[in-house]
Amino acid sequence: MSETPSRGHVPVMLAEMLSCLAPRGGGRYLDGTFGGGGYAAAILQAADCTVWAIDRDPAAVARGAALAARFPGRLHLIEGRFGAMLSLLSARGVAELDGVVLDIGVSSFQIDDPARGFSFRTDGPLDMRMGGDGPTAADLVNTLAQDALADLLFAFGEERASRRIARAIVAARAEAPITTTARLAGVIRSVLPPDRSGIDPATRSFQALRIEVNQELAEIEAALGQAASLLAPGGRLVVVSFHSLEDRIVKRFMVEATGRAPAPSRHDPRGLMAREAAGFRLLTARALRPRGEETAANPRARSARLRALQRLPAPQGAAEGAAP
Ligand SMILES: C[S@@+](CC[C@H](N)C(=O)[O-])C[C@H]1O[C@@H](n2cnc3c(N)ncnc32)[C@H](O)[C@@H]1O
């Protein structure tokens with residue numbers, strides 16, 4: 001798969017994604033995380049199919065116009081959240097798909113642009129919103145109570161020094177609001193010296209804030225059931241995630257969908273899966289990881305994990321005993 005529409009984002013695990021999605025002529029696919037369009041371009045090139053592509057970032061959708069022009073009538077771009085895919089698609093008359101792909105996280109376009117405020121390596125406004133609405137990271141850092149801030153850093157950053165960092169943030173903001181990435185990173189580094197891992201002490205806190213600002217885990221929770229419900233018989237769901245919190249949600253959902261674990265209760269928002277449990281089979285017995293050559297060429301691929309699920313082509317019940 002040669003052509004990538006931008007040099008800004010190198011698609012991760014592209015070959016593995018394509019082989020799990022297996023696009024076919026006449027098929028209808030959703031790329032829920034359009035980004036730089038690398039996945040969408042690859043799917044459009046692999047088969048004479050139609051792709052709907054969602055991204056919550058207006059800049060990503062605007063960039064996609066060039067790709068849409070290259071595949072007239074075959075790529076439909078939608079600005080919105082993949083957690084609302086069902087309503088976004090039904091508003092466009094789409095009720096069934098042959099495949100859904102999610103490549104969760106931020107794109108290099110976003111990380112590498114200091115003005116977006118995702119990176120502690122460059123200075124910029126402390127924003128971190130993938131879309132244009134909702135509270136920024138600066139809003140959280142300057143308004144959350146110290147305990148709430150510490151809980152957030154611990155839950156979404158798995159930051160063991162969360163209490164110490166929250167205390168330092170509250171002290172620093174009492175002097176002046178924290179409005180830039182460099183100042184926040186400086187506050188964190190002042191109480192958490194680098195360890196031998198070489199990982200910047202600000203890494204986990206920035207991750208936690210980004211997850212909260214964009215409600216990333218809630219988005220994934222909302223999206224998986226909707227994606228599964230959109231799949232036609234034989235349709236496939238492929239998810240690439242970049243940290244263990246996301247992967248855990250994806251893994252649990254997929255395993256439950258195959259009927260291997262207790263189905264969620266009727267009161268669970270994913271209750272639809274209870275009815276359809278065992279209507280799916282895993283295409284990946286365990287998460288696929290990027291090959292060594294890929295991580296050597298693109299260090300951002302290092303933590304990627306890919307999991308895939310297929311709605312069984314046969315009637316319900318045929319799933320019993322389905323092998324991964
Ligand atoms: C890792 S990039 C995708 C890269 C893409 N697969 C490619 O090959 O260029 C993730 C993209 O998903 C978008 N995104 C993340 N969460 C989203 C959500 N909940 N709804 C819609 N888009 C989202 C981000 O704005 C970003 O552009």
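**Figure 1. The whole predicted protein, by its helices and strands.** Strands here are DSSP runs of E of at least two residues, and helices are runs of H or I of at least four, both numbered from the N terminus. Please keep in mind throughout that this is a predicted model. By that count, the protein has 15 helices and seven strands. Of its 324 residues, 53% are buried. If we take the contacts between residues at least 6 apart in sequence, 67% of them join residues at least 24 apart. The protein exposes about 14,300 Å², and 53% of this area comes from carbon and sulfur atoms.

Figure 2. Strand S4 runs over residues 97-103, and Asp98 belongs to it. Is Asp98 buried or exposed? With a relative accessible area of 8%, Asp98 falls under the 20% cut-off and therefore counts as buried. Look next for Arg24, whose side chain makes a polar contact with the side chain of Asp98 at 3.0 Å. Leaving aside residues up to four places away in sequence, Asp98 touches Arg24, Gly27, Arg28 and Tyr29, and also Leu231, Ala232, Gly235 and Arg236.

**Figure 3. Polar atoms facing the ligand's nitrogen atoms.** Which part of Phe82 lies 2.8 Å from a nitrogen atom of the ligand? For Phe82 it is a polar backbone atom. Asp103 places a polar side-chain atom 2.7 Å from a nitrogen atom of the ligand. Glu219 likewise has a polar side-chain atom, 2.8 Å from a nitrogen atom of the ligand. On its own the ligand has 600 Å² of accessible area, and the protein covers 99% of it.

**Figure 4. Helix H13 and the residue that follows.** Helix H13 is formed by residues 244-257. Just after H13 comes Gly259, with a positive phi of about 80 degrees.

Definitions and conventions. Residues are numbered from 1 along each chain as its sequence is written. This is a predicted model: local features need pLDDT of at least 70, side-chain atom pairs count only at pLDDT 80 or more; totals for chains, interfaces and linings use all residues. Side-chain values use heavy atoms; hydrogens and water are left out. Buried means under 20% relative accessible area, exposed over 50%, partly exposed in between (1.4 Å probe, protein chains only). Contact means heavy atoms within 4.5 Å. Accessible areas come from the Shrake-Rupley method with a 1.4 Å probe; for residues, only the protein chains shown count as cover. A polar contact is a pair of N or O atoms within 3.5 Å; within protein, one must be able to donate a hydrogen and the other to accept it, and residues adjacent in sequence count only if both atoms are side-chain atoms. The expected span of a helix is 1.5 Å times one less than its number of residues.
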